[in-house]
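Here is a friendly briefing to read alongside the model. Have the viewer open and follow the topics in order.

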Amino acid sequence: MAHGAAEYNLKWIEEALPPDDYWGYAKLKKQVPPKMLVTTGEHEATRWGFKLLLDMECADILQPDVGWCGGITELTKISAMADAAGALVIPHGSSVYSYHFVVTRTNSPFAEFLMMHPTAEEVVPMFSPMLLGEPVPVNGKLKVPETPGFGVELNPALEKLRPYTH
């Protein structure tokens, strides 16, 4: 598939195999067309899994999800390992939590924006309506809020309840 897509200048192939098929990713990375990048990691949960991806040369781009990999601190450690190995980090989704991270790193050239509108008719924030102040890209660019923290707040109009009793 990668070779067939190469004529369309596909920049990268993402999550092409099951997340823990490290050997398959290492083989895939060696076999894709020369200018095509391989990316994975959105379902990886620990820095040790990312270390394995790097040590086995499985990917050109790692995509940890800040909410699944242990938060900003772990994401920063994963990024440092990737930087030392010459790999890029483009966090999976995560909205403002990824945006703030990306603007602080030299090996994160841009952020992923997940299209959350059910029919893709308009650009809506990832965590809408739960968060207020969440930015969306305009003409492919996004401005990170300069307000304290991540620049968002919980929507006070939403009912706050726990879905489980215990």
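Predicted model: local features only at pLDDT ≥ 70, side-chain atom pairs only at ≥ 80, totals over all residues.

Residues are numbered from 1 along each chain as its sequence is written, and side-chain values use heavy atoms, with hydrogens and water left out.

- Glu 74 counts as buried at 14% relative accessibility, whereas Lys 77 counts as partly exposed at 35%.
- For these labels, buried means under 20% relative accessible area, exposed means over 50%, and partly exposed lies in between (1.4 Å probe, protein chains only).
- A network of salt bridges links Arg 47, Glu 74 and Lys 77.

**Other salt bridges**

- Searching the whole structure gives five salt bridges.
- One of them pairs Lys 51 with Asp 55, whose closest N and O atoms are 2.7 Å apart.
- Lys 51 and Asp 55 are separated by about one helical turn, because they are four residues apart in helix H3.
- Lys 51 is partly exposed, with a relative accessible area of 35%, while Asp 55 counts as exposed at 51% relative accessibility.
- Glu 146 and Lys 143 also meet through their side chains in a salt bridge (2.9 Å, N to O).
- Glu 146 is exposed, with a relative accessible area of 70%, and Lys 143 is exposed as well, with 60%.

**Helices H3 and H4**

- Helix H3 covers residues 47-55 and helix H4 covers residues 72-84; their axes come within 10 Å and cross at roughly 15°.
- Here the axes are lines fitted to C-alpha atoms, for helices over the stretch in contact, and angles run from 0 to 180 degrees between N-to-C directions.
- H3 and H4 are therefore roughly parallel to each other, a label for angles under 35 degrees.
- The crossing of H3 and H4 is right-handed, which means that the near helix is turned clockwise from the far one by less than a right angle.
- Helix H4 also holds Asp 83, which is partly exposed, with a relative accessible area of 39%.
- From Asp 83 to Thr 106 there are 23 residues in sequence and 8.3 Å in space, C-alpha to C-alpha.

**A nonpolar patch**

- Met 130, Leu 154 and Leu 158 make a nonpolar surface patch of about 260 Å².
- Patches are made of residues with over 30% relative accessible area and no salt bridge, with nonpolar side chains (Val, Leu, Ile, Met, Phe, Trp, Tyr) joined within 5 Å and like charges within 9 Å.
- Accessible areas come from the Shrake-Rupley method with a 1.4 Å probe, and for residues only the protein chains shown count as cover.
- Leu 154 lies in strand E6, residues 153-154, and is exposed, with a relative accessible area of 52%.

**The chain as a whole**

- The protein chain has five helices and six strands, and along the sequence they follow the pattern α-β-α-β-α-β-α-β-α-β-β.
- Its C-alpha trace spans about 50 × 35 × 35 Å along the principal axes.
- Of the 166 residues in the protein chain, 39% count as buried.

Terms used:
Salt bridge = Lys/Arg side-chain N within 4 Å of Asp/Glu carboxyl O. Helix = DSSP H or I, 4+ residues; strand = E, 2+ residues; numbered from the N terminus. Parallel < 35°, antiparallel > 145°, perpendicular 65-115°, else oblique.
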